[in-house]
Each structure stands twice: as C-alpha cells, then as structure tokens.
Amino acid sequence: MKKINSLLLLLTTSMLLIAGCGKDGAVGPIGPAGAIGPVGPTGSAGTNGTNGTNGATGATGATGATGATGTANVIYSNWYTPATYTKTTVFGTVNFTADIPASKITQEILDKGTVVVYGKLNGYNPVIWPTDQVSQLPIAINYMSGTTPNLDTWSAVYTVGNVRISLTSSTNAYSNISNAHQFRYIIIPGGVHTLNNVNLKNYQEVLQALHINN
C-alpha cells in the first residue's frame, strides 16, 4: 500500500511539472507612470566674489584756448567796385554818385545800429593816395591840380537797402571818375558790443576784431 501511494505521488508531481512547462503568455501592457517625486531642497548660495580695485584717476586735460570774439550778428560786404558813376550838378557843384545794394540795411539798423563804409581809392595817383590804403568814409583829400589847390570829399549815405557813395571836388576837377576805386561796408546791429573798444577809423584793428580778410 505504501508503494502505491508513493507511485501516485510521483505521477501527480510529473503531471504538474508537465502542466507548468507550457508556452509563455504575451507581455502585458505598460503600467501607468509613477507620480513625480518631490523637489529636492535648494542648494546653499555661493559666496560673493571680491570687488575689483578702482582705476587711477586720469590727469586733468589742458585748458583750451580762449575762443574768438563772436561776430555772428555783424555783417560785412566784399569789396565793391562801381563800374560807373552818375554825374549831377547842384548849385554849380558837380557831384558823382554810385549805389551799392545792401539788403541787410533795414530801418531797424538805421534807427539803432551802425553802418561803417571804407574806401580803397586806387583811382588816384599813388602820390596822392597810396595804393591799397584803406580809410573810413568820409575821406577828404587835398592836393594841387596844377597850381590850383583842390579838395576831394568822398562820403557815404545809408538808406534802407542801399549805400550811396558820393564824390565832390571843390574845383569841379573831373568830367568822369576812375572805376579803380573800391568800397566795402560793415553793419553793426544795435546791442552788439563786438566793436565797443575798437577804433573804427583803424581798418586793420577792425579786421582783427571781426576776423575777416583784407
């Protein structure tokens, strides 16, 4: 009887082993993702770096030269050479005139400003008037015409937009005028103090003060 039971147990075990050796089943589906883990603790802050050293202060620059006196409001013309003169006779005196357009001469300039006219009278013999000598008008020139003394007077009259040059001779010595004479004007508006300390009769001093060419 004991032998039969052992045989049955062996047979049962063999059948279980045969049943357990069957073909593997299919792989199951992927399971859902697990929950995100908690954020780790913040790391400690790093130490601050040391500040750099300040650079040395640069040397002070040299003082610039003093600027020239401003002349922005002063107006001056180029040299003007009248090609012809108009001849008139008033009470027996011959008068020669030439007009120079001057659009910058306004009524306000006539009322509050200053107009200065200079002449370069190269139409004369250099013995009477040195070549390229410049003087402020009015100009009076005394000389002998033969044995007769003569006085030439050059003057300028300013009106709005115009400068009129005029010549008279005490002996009415001329029938016409040389076109070698030249003139230029300077307009100084009221309130401009550029030439306050300048002798307007000294042409070179005026040139220097206004920084203009001869």
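This is a predicted model: local features need pLDDT of at least 70, side-chain atom pairs count only at pLDDT 80 or more; totals for chains, interfaces and linings use all residues.
Let me begin with a term. A residue counts as partly exposed when its relative accessible area lies between the two cut-offs, under 20% being buried and over 50% being exposed. Arginine 164, at 38%, is therefore partly exposed.

Which residue forms a salt bridge with arginine 164? Aspartate 99 does, and the closest N and O atoms of the two are 2.7 Å apart. A search of the whole structure finds 1 salt bridge. The pair links distant parts of the chain, 65 residues apart. Aspartate 99 belongs to strand β3, residues 93–101, and arginine 164 to strand β8, residues 162–169. Aspartate 99 has a relative accessible area of 35%, so this residue is partly exposed as well.

Now the strands. How do β3 and β8 run, parallel or antiparallel? They run antiparallel, and 7 bridges join them. Within that pairing, aspartate 99 stands opposite arginine 164. So the two residues of the salt bridge also face each other across paired strands.

To find one point of contact, take threonine 86: its bridge partner in β3 is threonine 97. β2 and β3 make a hairpin, and 2 residues lie between them. In the turn sits phenylalanine 91, whose phi is positive, about 50°.

Key: Residues are numbered from 1 along each chain as its sequence is written. Side-chain values use heavy atoms; hydrogens and water are left out. A salt bridge is a side-chain nitrogen of Lys or Arg within 4 Å of a carboxyl oxygen of Asp or Glu. Helices (H or I, at least four residues) and strands (E, at least two) are DSSP runs, numbered from the N terminus. Buried means under 20% relative accessible area, exposed over 50%, partly exposed in between (1.4 Å probe, protein chains only).
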